[in-house]
Amino acid sequence: MERIKEVERLLRQQKKPEPEREALEACKMQMAEELRQNVILPSRPILVRLCETAAYCSRWTWGALLFFCAAAVFLMFEVPYENALVVCSLLTPLLGALLVPELARSFSEGMWEMEQVCFYNLGEIMAFKMVILGGVSGILIAFGAAATRMETGSFLDFELWICLPFLTVSSLSFFLLRKIRNRQAEYGIIGIDIMAAGIIVCMWSAKEDIYRLMEKQQTGMILLLILAALFGSLIINGMKFFRSVQNGELLWEEKIG
């Protein structure tokens, strides 16, 4: 035991050798030259990288998105307007609750360390995933906008029944992923979606009162301000989520279940 302690003491006394300044500068210059020539990480077209990243999104996610697209087209052309709007308003929160957890799969599946040292690092993978899923969300929201303009639809319907639940659930989902860094965050997002659906049902039961309230100009302006605040909150929480990934801060503490 004494011999082990003596060895440890001698090891602690050893000083790390300092590299020669000329050799260090030569190494830095060589690395900079290789990076300039793209020897280490050759550039690839953005479209190719988007397609490669899209292939790594869950097939359940893509299947659900295709279902949303098919359902939106069917509701627009085959279902009476008000019934279609009710279904769209109930499905919209599910869209936000579905797409945001897809961004956290690197952590929930325990793959973030491997992705961090792969051809594209974790920050790049996350950025492309956010672009892809954000673009798909925009397409689906555009379907909702088109649906509310058909027949007797109005911009108020689009704001109230499509934008409001989507922005609320998406912003809260990003917030939960940043603050609760384990699988409980996913359970919390499911809970948010269920609560949002319940609130929407209550809103539909008081639809006449809500529409009468919205006829007032100041109420319409308040709704626009709320939507602008929710959109800003979504952008801010999304940027904070991305920065926490880049900085290596978004590490899940445990796995539950």
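1. Contact here means heavy atoms within 4.5 Å. Setting aside neighbours within four places in sequence, Leu160 is in contact with Pro165, Met203, Ile210 and Met214.

2. This is a predicted model, in which local features need pLDDT of at least 70 and side-chain atom pairs count only at pLDDT 80 or more, while totals for chains, interfaces and linings use all residues. Residues are numbered from 1 along each chain as its sequence is written, and side-chain values use heavy atoms, with hydrogens and water left out.

3. The chain has 12 helices and zero strands (DSSP runs numbered from the N terminus: helices are H or I of at least four residues, strands E of at least two). Of its 257 residues, 37% count as buried, that is, under 20% relative accessible area with a 1.4 Å probe, protein chains only.

4. The largest nonpolar core has 48 residues; such a core is a set of buried Ala, Val, Leu, Ile, Met, Phe, Trp, Tyr and Cys residues joined through side-chain atoms within 4.5 Å. Met126, Leu160, Trp161, Leu177 and Phe241 have the most contacts inside this core. Helix α9 gives the most to the core, with 13 residues.

5. Helix α9 (residues 155-179) packs with helix α12 (residues 217-246) at an angle of about 30°, their axes 9 Å apart; axes are lines fitted to C-alpha atoms over the stretch in contact, and angles run from 0 to 180 degrees between N-to-C directions. The two helices are therefore roughly parallel to each other, the term for angles under 35 degrees.

Terms used:
Parallel < 35°, antiparallel > 145°, perpendicular 65-115°, else oblique. Buried < 20%, exposed > 50% of the residue type's maximum accessible area, 1.4 Å probe, protein only.
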